[in-house]
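This report looks at side-chain links in one protein chain.

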Amino acid sequence: MLPPTNLVRTIVPILLVAGLVAGCGSSKKSSSSTTTSSSTTTASSSSSPGVDSTVAAQVPSKFKSKTIVVAADATYAPNEFIASNGHTVVGMDPDLAQALSAVMGTKVKVVNATFDSIIPGLASGKYDLGMSSFTDTKEREKTVDFVTYFSAGTSFYVKAQGGPTVNTLADLCGKTVAVEKGTTQQTDAEAQSKKCGSSKVTVLTFPDQNGANLALSSGRAQVGMADSPVAAYLVKQSNGQFKLVGQPYGTAPYGIAMPKGGGMAPAIKAAMTHLIQDGEYMKILTKWGITDGAIKTPVINGATS
């Protein structure tokens with residue numbers, strides 16, 4: 001994923017304030033596992049838009065009589081994370097899922113799932129949508145359809161005291177980097193390692209972003225990488241333990257993922273357009289402090305790379 005730092009899905013005791021922290025970029029490939037760590041409905045957004053009959057008419061009939069199951073890796077605050085009650089998935093993506101459902105006149109449930117299990121879960125029918133800071137990539141579009149809704153890049157972060165200077169991917173050579181499994185950050189770090197000659201990048205991968213954060217705080221890794229909004233939020237919540245370094249790179253669209261050719265994309269695009277035009281979209285981004293990633297027009301399968 002390449003989102004603005006998402007709020008934590010799970011708590012990293014060493015770093016995070018109770019209840020918030022962590023997110024998921026965009027994985028190029030996904031594992032076959034579809035185990036969810038918890039299943040809960042989301043908290044509602046600050047306001048619920050009304051049904052748009054024109055949008056609702058575009059929803060495929062099979063989704064009108066069922067609860068739409070949305071999967072999110074709730075360790076990517078402020079985009080998706082676990083609330084202080086220990087089970088409710090909250091953040092930008094759950095709020096948007098709730099608002100989209102209201103406009104379409106459907107029911108929705110957001111469940112917590114490991115990031116690399118979401119795309120396989122869409123293919124198997126376990127989930128109907130994936131809203132987990134997925135970067136829309138051409139590789140992923142071979143497997144799923146996307147409707148874009150946000151724009152984010154990747155940021156580097158290090159220990160505030162004694163952390164290395166990292167400005168670009170080339171500066172990772174010879175260093176140990178912590179990333180979440182299946183994300184674009186893993187892909188980028190591994191690709192850079194091949195360009196480093198004898199000074200390879202040691203890439204440590206973890207099931208969720210919290211594991212990557214803990215590796216950095218404990219000294220196992222020297223550099224962390226995450227979607228720009230997520231990294232920024234993490235640093236802000238670290239009580240001075242981490243700092244951002246360099247500049248974000250690789251800005252790309254986030255996409256709401258759904259089974260390829262399943263017929264849901266036009267309705268999701270129409271609902272997102274409605275939210276953007278009536279101001280609810282910006283209200284949600286403002287709530288989570290990530291308005292810099294706002295887009296003006298959603299598109300179906302808008303990958304730039």
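The model is predicted: local features need pLDDT of at least 70, side-chain atom pairs count only at pLDDT 80 or more, and totals for chains, interfaces and linings use all residues. Residues are numbered from 1 along each chain as its sequence is written, and side-chain values use heavy atoms, with hydrogens and water left out.

## Salt bridges

How many salt bridges does the structure hold? There are five. The term means a side-chain nitrogen of Lys or Arg within 4 Å of a carboxyl oxygen of Asp or Glu. The table gives three of these pairs.

| D95 | K287 | 2.8 Å |

Take K287 and D95, which form a salt bridge. K287 lies in helix α9 (residues 280-288) and D95 in helix α3 (residues 92-104), so this pair ties together parts that are 192 residues apart in sequence. Helices (H or I, at least four residues) and strands (E, at least two) are DSSP runs, numbered from the N terminus. Is D95 buried or exposed? D95 is buried, at 2% relative accessibility. K287 is partly exposed, at 41%. Here buried means under 20% relative accessible area, exposed means over 50%, and partly exposed is in between (1.4 Å probe, protein chains only).

D116 counts as buried at 9% relative accessibility. K181 is partly exposed at 38%.

E139 is partly exposed, with a relative accessible area of 32%. K142 counts as exposed at 62%.

## The disulfide

A search of the whole structure finds one disulfide, a pair of cysteine sulfur atoms within 2.5 Å. Which residues form the disulfide? The partners are C173 and C196, with sulfur atoms 1.9 Å apart. C173 lies in the loop between β8 (144-159) and β9, and C196 in the loop between α5 and β10 (202-206), so the pair ties together parts that are 23 residues apart in sequence. The torsion about the S-S bond is about -75 degrees, so the disulfide is left-handed. C173 is partly exposed, with a relative accessible area of 23%. C196 counts as buried at 11%.
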